[in-house]
Amino acid sequence: MSWTPSGRHFIAGEWIAGTTTFRSEPAHGQAHDFAVGTTELVDRACRAAEAAFAAFSATTREERAIFLEAIAEEIDKRGEAVTLIGTQETGLPEGRLNGERARTTGQLRLFADHIRGGAHLDARVDAAQDRQPAPRPEIRLVQRPIGPVAVFGASNFPLAFSTAGGDTAAALAAGCPVVVKGHSAHPGTGEIIAEAIAAAIERTGMAAGVFSLIQGGRRDVGTALVTHPAIKAVGFTGSLAGGRALFDLCAQRPEPIPFFGELGSVNPMFLLPAATAARAEAIGSGWAGSLTLGAGQFCTNPGIAVVVDGPEADKFTRAAKSALEKVAPQTMLTKGIATAYHEGVDRMRASNAVAPVLTAENAGRDAAPNLFETNGSAWLADHSLSEEVFGPLGLVVRVGSPEEMVALAESFQGQLTATIHMDDADLDLARDLLPILERKAGRLLVNGFPTGVEVVDSMVHGGPYPASTNFGATSVGTMSIRRFLRPVAYQNFPADLLPQDLRN
């Protein structure tokens, strides 16, 4: 289907133009003008979300499941147009956009099935007891929606972590209206997904204020959104600096609210000696593929490989270099992201603590792979080496012994993932690493690469700070719904007053 963006906001059932516009910067294709968000629009959207909350939170699980499925169906109806505008704006290939759209609609349908089963409610009943000296009352517990949720679209996932992505889907599944601040890197993609949600709202008869999209906007728009008294939680995927600023705003409110920020990670891999001796080349070439997937613009990109120095480490590094040399430059999501990547490469080149293994010239919006190496002592002495460079850059850290590998593992900050490459002969060293890595990361892998994040019940996409701002939460998988619920206990309530989910 052919489609051209209107450049408008979607606020509580109305498409609204603006007096001030910004122009998109697509990787290819035609640029379009989009209305700039304002604090007044934020207030209007948040007030509408609060007005819709009572009715939406009272819907049945089946009604919300049907709504989620309707959103998925409406996105699929626009599939060809979604892919076209998405590839133009982001530079991502068609196959990637189609896959991400399938992931987006798949998680909407997964959440629909999940809430039908009711496991997210954690419903509990303690029957009354005629005990002495005092009788025990009947107490029932269930998770209830917390209120309107603000969601910030992500630059690196125009579908799965943006307008109808995981945060939005989880909040709607929980019974919370959503106000989305669209990302200026892909405003057309955001608009067409908002059209799909609007169609689903109309199809299912949901309150108009259950969803709003505010395009672009200055920094004051984000500030106004997270500090608006109607907003009760925030979902964010983005940079550490931007996320920390919003997190601090949420904490400083008269009524502090939870900020669920996914802020980045270097996702270290630990190559244990027996595994390296058995398959150094295979691990090296596999790492290169993971590093360069999507131009390295995945938050689970494994940017650091820790290996015991020696001939096997040489084989691993040569294999990674050889595979990376075959990868052509790729278009990055935005000019800003490309510039930050180029600057990160330049900083690495200028460091006396690292040695280049493979360097490539980068220009404009393109990014070519780069590979560097250092030793454990230099790593421990220079904290900047542990900072994320968003893009296809890898750093090999050579340690002198397994004991130094364990010490280096302890030096890492919070991560989304940590990977162990091991064979049976490595079990003792793996046992030494495991309790350390459990405290460092939300997802641990053995003999794999972390860039594939499955949308399933058991997935954890989060970790200790600075990987995320809430170590007890995940932004992927059905457990993500629990972020937007809170437990309420009902004592000695008549059945007719109980929430529907607690009546039986």
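Helices here are DSSP runs of H or I with at least four residues, strands are runs of E with at least two, and both are numbered from the N terminus.

A bit of housekeeping comes before that. This is a predicted model, where local features need pLDDT of at least 70, side-chain atom pairs count only at pLDDT 80 or more, and totals for chains, interfaces and linings use all residues. Residues are numbered from 1 along each chain as its sequence is written, and side-chain values use heavy atoms, with hydrogens and water left out.

Start with the prolines. Going from Q132 to P133, the peptide bond is cis, and its omega sits near 10 degrees. P133 itself belongs to the loop that links β5 (124–126) and β6 (139–145). Further along, Y465 and P466 are also joined by a cis peptide bond, with omega about 10 degrees. You'll find P466 in the loop between β20 (441–446) and β21 (485–491).

Stay in that loop for a moment, as N447 is found between β20 and β21 too. N447 isn't glycine, yet its phi is positive, near 55 degrees. How accessible is N447? Its relative accessibility is 39%, which counts as partly exposed (between the limits for buried, under 20% relative accessible area, and exposed, over 50%, using a 1.4 Å probe and protein chains only).

Now hop back to A295, another residue other than glycine with a positive phi, this one near 60 degrees. A295 sits in the loop between α9 (273–292) and β13 (304–308). Is A295 buried or exposed? With a relative accessible area of 1%, A295 is buried.
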